[in-house]
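Trainee: Hi, could you walk me through this protein? I'm new to it.
Mentor: Happy to. Let's bring it up first.

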Amino acid sequence: MRDVAAGSNAVSPGSFHRILPTGKALMIDARSPDGETIALLKALANDTRMAILEYRGDRVVALTQIAAELDLPPSTTAMHIGILERAGLLHTDLQPASRGLQKVCSRTYDELVIDLPRGTHHSRERVEISMPVGAYTTFDVDPTCGLATSSGLVGYLDDRNAFYEPDRINAQLLWFRAGYVEYVFPDRVPPGARVVSAQLTAEVSSEAPLHDLDWPSDISVWINGVRLGDWTCPSDYGGSRGRLTPRWWEDDNSQFGVLKRWHVTHEGTAIDGVPLSDVTIDALRLEPRNPIIVRIGVRRDAPNVGGLNLFGRRFGHYPQDLVLRLEYATAKRVVEIAEEPTDAPSA
């Protein structure tokens, strides 16, 4: 098995198991060898911490309020919140209060999905490549449009030429009213292997003037020229700061998106596990050693032309760029599966 991740060293065979966030749900590979999964499950195995997560709900709540409402000592509350934060289940921040600063908490996820170990005969081999949002190879965008790094704007606002600026490679956020940006991913599947699924994850939102929680936009993804389908994003999210959004970015602007997962298999295409279209992995024509072209955007003839915000690892809520994951089967693996004994009686 081989793992490829842009910007990091390859890991040893058999060790590709990581926690993958998908919007307000968290997909967990229980075989994670780095202790993250065990720490997360241990964090949940406590009545008090479960009560804190339930009380928190979808609100941002001060630590002192949690302690008072749950009738807990502040020190005990702080200890449990620290465990939940280290497990990635809570996010804490310091906000001004009447006397200095107070710690406030927000819940990271609403749903956990655990992928239990399947044994060696069902292990999945995969490669994963992370692509910076500013590393597009071509684009066609309509204003309003622009790009931002973690320290400032790139070029001028609402100027298509900003998308040609050399500094666009460092962009952590880009946005446009309609059109697309296109990326070329290298093929890192081993020779002779057959791709069985493709998965793209990205943090996205609609693009409204400043921000607007009621602003639908039909966001499309294409792979090798094949449109996977449209997903309607309901909002251009704002009103509270993105966890990673830099301080120079104004509060009224778009702050964060939702992390969406487009998944293409032999059965069709789904987004976050919900069927999206009948486009199958074979339709993508993933030829060996050929680059993979990924386009994301908003069609100008879509029912809801509400723009796109595309967030990088230093903007929004999630510390990741565009991520393409390919799962594959080798010729040897196909033979092994074919030779596995079954319970069916022989003829």
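**A first look**

Mentor: The protein has five helices and 19 strands, where helices (H or I, at least four residues) and strands (E, at least two) are DSSP runs numbered from the N terminus. This is a predicted model: local features need pLDDT of at least 70, side-chain atom pairs count only at pLDDT 80 or more, and totals for chains, interfaces and linings use all residues. Residues are numbered from 1 along each chain as its sequence is written, and side-chain values use heavy atoms, leaving out hydrogens and water.

Trainee: How much of the protein is buried?
Mentor: Of its 347 residues, 48% count as buried, meaning under 20% relative accessible area (1.4 Å probe, protein chains only).

Trainee: OK, helix H1. Which residues are buried there?
Mentor: H1 covers residues 36-44, and its buried residues are Thr37, Leu40 and Ala43. Seen down the axis of H1, they fall within an arc of 125°, so they line one face of the helix. That arc is taken from the directions from the helix axis to the C-beta atoms.

Trainee: Switching topic: where does Ser220 lie?
Mentor: Ser220 lies in strand S12, residues 217-223. Ser220 counts as buried because its relative accessibility is 0%.

Trainee: And what does Ser220 touch?
Mentor: Not counting residues up to four places away in sequence, Ser220 touches Arg227, Gly229, Asp230, Arg295, Ile296, Gly297 and Arg299. Contact means heavy atoms within 4.5 Å.

Terms used: Buried means under 20% relative accessible area, exposed over 50%, partly exposed in between (1.4 Å probe, protein chains only).
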